[in-house]
Each structure stands twice: as structure tokens, then as C-alpha cells.
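Trainee: Could we go through this model together, with each term set against its cut-offs?

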Amino acid sequence: MATKRITHPDPDRILMAKLSGTAIHLARVGGSIDEAVSELREMAGGRGDLLAQEAGLMCGAWSVRLETGDFLVAAGFLAMAGAEYGEIRRWVEIGRERASRPMHSM
């Protein structure tokens with residue numbers, strides 16, 4: 001009988017999903033840029049690395065799929081919220097590579 005491996009949620013991945021979803025929501029509803037950035041900064045709790053990762057992935061995916069401009073605005077909010085700017089470029093490349101892969105394989 002195979003042993004079932006129990007996994008625990010990764011807090012960083014959960015935070016990244018919250019940052020991404022919130023940034024996109026804020027970009028779509030409009031409003032104050034300062035308030036959007038402040039909300040994301042508070043949510044990130046000093047995790048400039050995760051802000052950079054999400055901002056870069058969004059920009060990279062956008063550059064391949066040409067999604068709505070909301071993704072670029074959201075990425076800008078994340079960057080302004082305290083992203084480690086030196087890391088964004090690396091994540092843009094990773095986002096491009098991921099977005100270039102086929103969504104489904106036969």
C-alpha cells in the first residue's frame with residue numbers, strides 16, 4: 001500500500017496569489033494609485049522579493065499574450081509597493097518563457 005504524502009500550503013505561494021489577485025483587482029476598479037500601492041505594500045509585509053516576482057511574471061506573460069493593460073498597471077502597482085527592482089527583469093524572462101509554453105499537451 002502506497003503511503004500518501006501530506007503537503008502543507010506554502011505561505012509564500014499563498015501570499016503571491018493574494019498579491020497578484022489584489023493588484024489586478026485594484027487595476028481594474030481604478031481609484032487612487034497611492035491607496036493601491038499602500039494596500040499592496042501592507043499586504044506584502046516587506047517581501048520585496050515576492051512583489052518583484054509577481055510584477056515580473058505579470059509583465060512577462062503580458063508581453064507574450066498581450067493581455068489587457070490591467071496586467072501592466074497591476075505590475076506597476078506591485079513594483080511601486082516595494083519590489084526589489086533588480087529582480088524584476090529576471091522574473092519577466094521567466095514569465096515570458098512560461099507564457100510561451102502550450103497550455104495543454106496532447
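Mentor: Of the 106 residues of the protein chain, 36% count as buried. This is a predicted model, in which local features need pLDDT of at least 70 and side-chain atom pairs count only at pLDDT 80 or more, while totals for chains, interfaces and linings use all residues. Residues are numbered from 1 along each chain as its sequence is written, and side-chain values use heavy atoms, with hydrogens and water left out.

Trainee: What makes a residue count as buried?

Mentor: Buried means under 20% relative accessible area, exposed means over 50%, and partly exposed lies in between, with a 1.4 Å probe and protein chains only.

Trainee: How many helices and strands does the protein chain have?

Mentor: The protein chain comes to 5 helices and 0 strands, where helices (H or I, at least four residues) and strands (E, at least two) are DSSP runs numbered from the N terminus.

Trainee: Why is α1 called oblique to α3?

Mentor: The axes of α1 (residues 11-29) and α3 (residues 48-65), which are lines fitted to C-alpha atoms over the stretch in contact, with angles from 0 to 180 degrees between N-to-C directions, come within 10 Å and cross at roughly 55°. That makes α1 oblique to α3, because angles under 35 degrees count as roughly parallel, over 145 as roughly antiparallel, 65 to 115 as roughly perpendicular and the rest as oblique.

Trainee: Which residues make the contact?

Mentor: With contact meaning heavy atoms within 4.5 Å, the residues include Leu-15 and Leu-19 of α1 and Leu-51 and Met-58 of α3.
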